Amino acid sequence: MNNFTVKNKPRLVALWPECLNVHLTKDLGMIPFILHKYHNYDSAIACYGIEDFPYIEAEVKGLKIDSVENGGDILTDGNNYLTKRAKEIDILFLMGIYPFTLSWMEKYKAINPKGKIYLKLDANIYWMNSIDLTEDLFETLKKCDVISVESKRLYHYLNKKWPLKIEYVPNGFYNFHSSPSVGFNEKENVILTVGRIGTHQKANETLLEAFKLVASEIPDWKLKFVGNVEEHFIEYVHEFFTENPELRDRIELVGPIENRKIIESEYRKAKIFCLTSRYEGFPLVFTEAAKNGCFIVSTELDPAFDITNESAFGTLFPIDDYYRLSELLIEVCNDSIRLEQTCCEIQNFAETNFNWTNICDKLDLLLHLN
């Protein structure tokens with residue numbers, strides 16, 4: 001029997017003490033926001049309030065911030081919060097399998113057994129295979145009413161391997177500013193990547209090395225790196241330019257962009273979005289790129305197969321293989337017909353499959369049924 005009905009406003013709380021403003025336009029914030037805006041949920045994020053949340057006033061207006069007292073230990077602080085608030089929460093939204101989220105599941109259900117837990121795995125295959133699959137773990141996970149994973153390959157894999165029902169709920173995009181679809185004539189000869197530039201995970205040096213190999217064969221193309229840049233990567237780039245001075249004007253480290261309209265304009269202008277990551281869950285940059293008509297070139301990540309519709313709207317290469325990436329860049333950059341065709345088709349595909357409003361329609365149904 002559901003403990004909330006369509007007539008009542010379900011109280012959904014995403015418990016993530018270290019939430020920052022940037023997380024509000026990612027899955028952590030978007031799921032509660034969309035369920036509030038389109039399904040009348042009373043949605044909040046429970047966190048320390050480490051910084052201000054300007055997105056609350058514009059992008060995710062109506063989403064609330066609930067205060068978690070900062071005692072210096074996330075697990076204990078979350079449990080203390082639930083001790084006070086669990087009975088007021090209809091749905092507890094958690095992300096990932098960690099000691100603290102498992103503890104919060106136990107605490108919440110002990111206090112509010114009729115309450116529901118939605119666990120978003122935020123997973124990749126390496127993390128899921130590193131988890132010690134004990135009986136105790138599964139007993140705790142069985143307390144969750146809905147468990148979802150972001151990629152189809154992982155969805156099939158986990159449903160075979162785990163004695164639990166796992167749902168497929170991908171990440172998505174949201175059209176914050178009601179911007180029109182992107183015409184190919186708006187686009188420039190730009191290869192864009194967005195993220196935490198220079199981390200081991202993102203392997204951005206792979207793109208630099210590949211571009212170096214093919215720069216003379218795609219002379220009118222440029223690279224743009226958008227995001228916070230690690231100090232060591234700045235040094236790497238300086239050394240790269242010393243060895244390849246002719247590429248200085250063709251590679252740009254833009255830095256971080258928080259303004260949603262400005263970051264969207266970068267996607268709209270780029271013909272190609274390239275992700276060289278060694279591992280990912282389901283990066284939101286994929287959905288932003290698809291929504292804005294970018295052809296996607298990516299390492300062979302599970303979600304890359306989803307966002308490109310099994311390589312219909314992009315092309316994939318093995319992790320760290322900058323030589324294969326260089327071959328693909330020559331092929332794709334010189335195929336304007338494919339780039340133009342993909343620009344329209346991937347936008348339509350994204351609208352149908354990766355729009356947060358459609359995704360949360362399904363999630364709302366799952367939360368009512370389970």
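**Entry 1: largest pocket**

I began with the lining of the largest pocket, whose residues I sorted by class: 23 are nonpolar, ten polar and nine charged. I note that the model is predicted. The lining comprises 42 residues. Nearest the centre of this pocket I found Val22, His23, Lys26, Arg196 and Leu284. I then looked up its volume, which is about 1400 Å³. For the helices involved, I recorded H1 (27-39), H9 and H10, each of which gives the lining at least two residues.

**Entry 2: H9 against H10**

I turned next to two of those helices, H9 (residues 260-269) and H10 (residues 284-291). Their axes come within 9 Å and cross at roughly 65°. The range for roughly perpendicular is 65 to 115 degrees, so H9 counts as roughly perpendicular to H10. I logged the crossing as right-handed.

I also listed the residues that meet. From H9 these are Arg260, Glu264 and Tyr267; from H10 they are Val285, Glu288, Ala289 and Lys291.

**Entry 3: second largest pocket**

I moved on to the second largest pocket, which holds about 250 Å³ of space. It is lined by 15 residues, and I found Lys152, Tyr168, Pro170, Asn353 and Phe354 closest to its centre. Which helices each supply at least two residues of this lining? I noted H11 (302-307), H13 (336-353) and H14 (356-369). My class tally for the lining is seven nonpolar, four polar and four charged residues.

Conventions
Residues are numbered from 1 along each chain as its sequence is written. This is a predicted model: local features need pLDDT of at least 70, side-chain atom pairs count only at pLDDT 80 or more; totals for chains, interfaces and linings use all residues. Side-chain values use heavy atoms; hydrogens and water are left out. Axes are lines fitted to C-alpha atoms, for helices over the stretch in contact, and angles run from 0 to 180 degrees between N-to-C directions. Helices (H or I, at least four residues) and strands (E, at least two) are DSSP runs, numbered from the N terminus. Angles under 35 degrees count as roughly parallel, over 145 as roughly antiparallel, 65 to 115 as roughly perpendicular and the rest as oblique. A crossing is left-handed if the near helix is turned anticlockwise from the far one by less than a right angle, and right-handed if clockwise. Contact means heavy atoms within 4.5 Å. On a 1 Å grid over the protein atoms alone, a cavity is a set of points where a 1.4 Å probe fits but cannot get out, and a pocket is an open set with protein on both sides within 12 Å along at least five of seven lines; lining residues have an atom within 4 Å of a point. Grid points are joined across faces, edges and corners, and a volume is the space filled by probe spheres set on the points. Ala, Val, Leu, Ile, Met, Phe, Trp, Tyr, Cys and Pro count as nonpolar, Asp, Glu, Lys and Arg as charged, and the others, Gly among them, as polar.
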